[in-house]
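Visitor: I am new to this structure. Could you walk me through a few of its features?

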Amino acid sequence: MKRWQRAIQDNYGTPTIELVSGKGSVVKDSEGNSYLDFLAGIATNVLGHAHPAIVKAVSKQVSTLGHVSNFYAHPNVLNLAEKLQKMTGDKSARTFFCNSGAEANEAALKLSRKTGKKRVVATKESFHGRTMGALSLTGQPSKRNPFKPLIKGIVHVPFGDSKAMKRAITSKTAMVIVEPIMGEAGVIVPPADYLKNIREYCDQKGALLVFDCVQTGMGRTGDWFGYEYSGIKPDVITLAKGLGGGLPLGAMIALGSASQLFKAGDHGSTFGGNPVATAASLAVISTIEKGKILAHVDEVGEFLLTELALISGVSEVRGAGLLIGLTLEKPKAKEIVKRCQSLGALINAPGDSVIRIAPALNVSLKEAQAFVKIFTQAVKETTNV
Ligand SMILES: Cc1ncc(COP(=O)(O)O)c(C=O)c1O
């Protein structure tokens, strides 16, 4: 902890444990303690730690050609873009690769300016990243206020409120950005028809619809993309987190006429589509497909939703697939996270009364059972119920 404070800026606070190795859903710290990793690098390590397919693909690529830049093509970047196109079910899909979720949303914001319009509608409490453009889209005052002035022309409406969204979208709106399920806000699921309604309003006013699937993409909800349950398609999908299976990789996928807005020179990234990160991503996707892991996500997710709701002291459990949020009867989330850590499980608390659970997608039912046991004990000991 002292070394961290002496060498690293204070923006995260100081971690209390140092992780040194991992296998599947188990990580070890530098003192030899093991933990069930039910946060997975914040919903990122979709195949857990040290998955053989990722290790093989990355090792092979880094020993062949580590980086080329976008002055040159590379088989991995082409294969991944084609794969993502298939996954969207839309041949018009064109991908821009970057390295993080914030960058993917920055790219979407810049793309929307190419429509000739400037206004944007986003949602309150949403999280789209920390760079100035992405932060301007983010709807959390505590994160925005210290950095004002942010980009003008962006309004935030209550999440899940179709009427407020309808009122906010005008013929001057360039884009609307929404998380299909709000992740950082505490796993908030909107009403069933919300995404469909927004699609309709965007079509009426000629606005681009952007779904930020950074947290809800890559199988996290049991579908490739978190919006699929709605039956509609956006104009832009942003991805990161699980896309690289633990390596830094982001993507902004544009569909239809939006896919033609960027012209040469409009945007770029030195590392975007890097051969090693895209090798990891290709390994992630083929492993999920071959292992039928999306069906597994539904099964383990259902188990967790049911079991966690039975714990005394938990007032609500919500989510989809393996993105689960719990509201506690008492604002003891931070203490519960700490107690879970000492009992051998890693999770996080996006709010004082809210816990988020996002394990690897290939976590076993047995590991989920072991986690429920630890979590139940932690809630009991912390809230004395
Ligand atoms: C929905 C969503 N969008 C964007 C981001 C930002 O991603 P990154 O931290 O990779 O910039 C996050 C990160 O938590 C997120 O959950």
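Guide: Gladly! Let's begin with a strand pair: strand E8 (residues 208-212) and E9 run parallel, joined by three bridges. Strands are DSSP runs of E with at least two residues, helices are H or I runs of at least four, and both are numbered from the N terminus. Two strands pair if DSSP finds at least two bridges between them. This is a predicted model, where local features need pLDDT of at least 70 and side-chain atom pairs pLDDT 80 or more, while totals for chains, interfaces and linings use all residues. Residues are numbered from 1 along each chain as its sequence is written, and side-chain values use heavy atoms, leaving out hydrogens and water.

Visitor: Which residue is the bridge partner of Val210 in E9?

Guide: That is Val236. E9 also pairs with strand E10 (residues 250-254), in the antiparallel sense over four bridges, and there Leu239 has Ala251 as its bridge partner.

Visitor: Which way do the side chains of a strand point?

Guide: In a regular strand they alternate between the two faces of the sheet. In E9 (residues 236-239), Val236 and Thr238 point one way, Ile237 and Leu239 the other, and all are buried. Buried means under 20% relative accessible area, exposed over 50%, and partly exposed in between (1.4 Å probe, protein chains only).

Visitor: How many disulfides does a search of the whole structure find?

Guide: A disulfide is a pair of cysteine sulfur atoms within 2.5 Å. The search finds zero. For Cys98, the nearest cysteine sulfur, that of Cys213, is 14 Å away.
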